[in-house]
Amino acid sequence: MKASGKLENNILLYLDGTLSGKDLKDFEDQIQSDNDLKKTIENFRFMESAFKIEPLQQPSSNFTSRVMQNLENYPIQNTSSILNSLLLIGGIIVLVTLCTLLLTTGMFDSYKTIIDLNSVSLVDKYVHQSLPAIALNGKVIINIIIFLNLILALIVLDRAVLKPLFQKRIQTHS
Amino acid sequence: MSNDQEYLLIDRILAGESKLYEQLVNRYKSYAYTIAFKVLQNRPEAEECGQDAFIKAYQGLKGFNREAKFSTWLYRIAFNTAISYRRKNKQQFQSIEHTIIGHNGEGEAMLEKTDKKKFLDQALAKLNEGDRTALTLFYLDEFSLEEIAVITNMQANTIKVRLHRARLRVAEELKTILQQEALTL
């Protein structure tokens, strides 16, 4: 059945019913006059008829019930959350980097204030003792913000990125 | 069921009505199983793989972006799952399909059908899993070439050539098998 590329192409076009007009007539004449080609076509027809026998395989009768039983163990994953979480972590890192840069330049060094609790009218109303004054400076506040952001980034990384990834890996290997 | 109806069904499943997923399983299980079977050539493995594919599809249902048909997306998952099963279990399993198919038909026509199927399976076994699955899907007459390309991870512009070669190869293998069978008679 070693046929040339053009002939092979014509055989498949003929079998698919896409040959028409003069090409079809010529090819049918060629089949009639060439016994090898006739056998090749028969062989192809044999293949095609074999494909038509039970083209779809059927799974067992309890296939669906077994899938449905397992669904509860594998809940729908929020696939977009990993991407969103990575974006959030990216945002936090940018913010922390900016704050750190500003801190190193001494930008917040001059921001200092004292909160005198005795000057708050509500305190006057309910507390009858002298309260201390609280000294605040910008540097400390920014450091606290950076620290809280880093903790937040670690929590997001653990819960929304690493945990789903490891769960997926465990399921793949089990 | 139209695509829109299917999307509505998927929306309800995503909203929490997981029981409705049964409809999708029943609708597509034969195709998913056939794809798994064509790759794995082993019924128990294909059964497990088919179920696994449906569970993976359920888990990732939120990620189904509705650019393609749900069935195409699902069959691609089934194909990829089967490929990873094959890689994982290559050493553990051996194809027993050829021994399962025996001459158990009652009439001659049944025998002929069984033989034809057996010879075709033998010829298909010579192809790689991608070509074997693509060819099976092609002869199911229900998939466009683009869909077959998506399911089997092939390039859309090469699928036609791959199918062309696979058909020629199977026909050639069948010829050899039939000649050998004729000699043993």
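**Where the chains meet**

Tutor: Start with one pair: A:Asp16 and B:Arg167 form a salt bridge through their side chains, 2.7 Å from N to O. Keep in mind that this is a predicted model.

Student: How many salt bridges cross the interface of chain A and chain B?
Tutor: The rule finds two. It also finds 12 residue pairs in polar contact there, both partners at pLDDT 80 or more.

Student: Which helices of chain A supply at least two residues to that side?
Tutor: Helix 1 (5-16), helix 3 (35-52), helix 4 (63-71) and helix 7 (138-173). Helix 3 of chain A gives the largest share, nine residues.

Student: What classes of residue does chain A bring to the side touching chain B?
Tutor: 19 nonpolar, 14 polar and six charged.

Student: OK, and how much area is buried between the two chains?
Tutor: About 4,300 Å², with carbon and sulfur atoms giving 66%. In chain A, the residues losing the most area to chain B are A:Phe51, A:Gln57 and A:Ile76, together 17% of what that side buries. By contact, 39 residues of chain A meet 47 of chain B.

Student: Which element gives the most to its lining?
Tutor: Helix 9 of chain B, with five residues. Helix 1 of chain A also gives two or more.

Student: And the lining by class?
Tutor: Six nonpolar, three polar and three charged residues.

Key
Residues are numbered from 1 along each chain as its sequence is written. Chains are lettered from A and ligands numbered from 1 in the order in which they are written. This is a predicted model: local features need pLDDT of at least 70, side-chain atom pairs count only at pLDDT 80 or more; totals for chains, interfaces and linings use all residues. Side-chain values use heavy atoms; hydrogens and water are left out. Contact means heavy atoms within 4.5 Å. Buried area is the accessible area (1.4 Å probe) that two parts lose on being put together, summed over both. A salt bridge is a side-chain nitrogen of Lys or Arg within 4 Å of a carboxyl oxygen of Asp or Glu. A polar contact is a pair of N or O atoms within 3.5 Å; within protein, one must be able to donate a hydrogen and the other to accept it, and residues adjacent in sequence count only if both atoms are side-chain atoms. Helices (H or I, at least four residues) and strands (E, at least two) are DSSP runs, numbered from the N terminus. Ala, Val, Leu, Ile, Met, Phe, Trp, Tyr, Cys and Pro count as nonpolar, Asp, Glu, Lys and Arg as charged, and the others, Gly among them, as polar.
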